[in-house]
Amino acid sequence: MKLRLIASLIHFGLSAFVAVVFGCIVFGLWYPNQLDIATGVTAIFLLVLGVDVVLGPLLTLIVFNPLKKELKRDLFIIVVIQLAALFYGVQSVYHGRPVYVVFNIDRFDLVQSSDIAPESFADARLEQFKSVPWWGVELVFAKRPDDPDERQELLFGALSGGADLAYIPKYYDSYSNNAAFVSAKIRELNELIGFNPNSKAQVERFIEKYPPAKFGYLPLRASRQDMTLIMNKETAAIVEYVSLKPWDS
């Protein structure tokens with residue numbers, strides 16, 4: 001039993017190290033600024049964590065016996081199960097990672113890698129939007145088409161289940177070049193009190209931290225949970241991502 005415990009603890013230590021590295025990549029690079037909350041990726045991460053850090057060492061504790069002829073085979077099978085779970089988790093998390101925070105008319109949309117049809121990148125006007133970024137999340141301005149017929153077609157397409165403006169790279173433009181337009185849409189922070197009556201004290205702390213004369217907010221629409229972006233009114237820069245409701249829902 002002592003040897004089983006030692007083997008299981010060694011297995012646990014190695015598995016925990018892999019999980020920590022994976023967690024740093026997921027929450028530090030692929031889903032920064034609380035975007036794990038906005039997308040719900042934490043559930044997938046915990047599933048992978050459960051298989052790799054809990055189930056693997058537990059199975060080692062059960063099967064480990066130096067006198068057992070099939071020990072190498074059993075340990076090999078356990079490692080294969082762990083690697084398969086890790087590969088599934090990494091692939092799922094990476095494929096669904098946020099790639100763009102897109103300003104869309106009067107709000108931001110969080111666009112994940114899986115949201116954009118691969119063939120649509122060919123129509124992007126700017127070279128930087130010909131493919132999704134490998135690391136991090138890029139800030140983008142979605143520019144509505146000038147042609148009224150194209151605007152109407154885009155609107156009806158979105159209403160019928162097609163891609164909205166924020167999910168079509170053809171309409172992506174430099175955010176910095178359109179910062180003045182974004183600044184004009186920034187809302188007052190005190191509006192958040194009405195949307196978050198149970199978090200009034202938290203909103204008031206944000207108002208105290210960010211003087212309303214210089215800061216405001218805009219909504220961020222996301223797949224799992226909408227968030228609030230604290231904005232600098234002068235530069236249209238995003239100052240902080242906050243898990244407060246940005247509107248009635």
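**Note on the sheet, the cores and a helix pair**

1. In strand S2 (107-112), glutamine 112 is the bridge partner of proline 98, a residue of strand S1 (98-104). S1 and S2 run antiparallel and are joined by 6 bridges; two strands count as paired if DSSP finds at least two bridges between them. Strands here are DSSP runs of E with at least two residues, and helices are runs of H or I with at least four residues, both numbered from the N terminus.

2. The model is predicted, so please read it with these limits: local features need pLDDT of at least 70, and side-chain atom pairs count only at pLDDT 80 or more, while totals for chains, interfaces and linings use all residues. Residues are numbered from 1 along each chain as its sequence is written, and side-chain values use heavy atoms, with hydrogens and water left out.

3. S1 also pairs with strand S3 (residues 138-142), in the parallel sense and over 4 bridges, and here tyrosine 100 stands opposite glutamate 138 of S3. S3 in turn runs antiparallel to S4, with 3 bridges joining them, and valine 140 has serine 174 in S4 as its bridge partner.

4. The open sheet has 7 strands in the order S4-S3-S1-S2-S5-S6-S7, and its pairing is mixed. Strand S4 (172-174) and strand S7 (238-242) stand at the edges with a single partner strand each, so one side of each has no neighbour in the sheet.

5. The largest nonpolar core has 19 residues, of which Phe108, Tyr175, Val182, Leu220 and Met231 touch the most other members. Such a core is a set of buried Ala, Val, Leu, Ile, Met, Phe, Trp, Tyr and Cys residues joined through side-chain atoms within 4.5 Å, where buried means under 20% relative accessible area (1.4 Å probe, protein chains only). The largest share, 3 residues, comes from S6. Apart from this core lies another one of 18 residues, among them Val99, Val102, Ala124 and Tyr172.

6. Helix H1 (residues 2-30) and helix H4 (residues 71-95) have axes that come within 12 Å and cross at roughly 5°, the axes being lines fitted to C-alpha atoms over the stretch in contact, with angles from 0 to 180 degrees between N-to-C directions. H1 is therefore roughly parallel to H4, a term for angles under 35 degrees. Residues of H1 including Phe22 and Trp30 meet residues of H4 including Leu86 and Tyr94, contact meaning heavy atoms within 4.5 Å.

Definitions and conventions
Buried < 20%, exposed > 50% of the residue type's maximum accessible area, 1.4 Å probe, protein only. Parallel < 35°, antiparallel > 145°, perpendicular 65-115°, else oblique.
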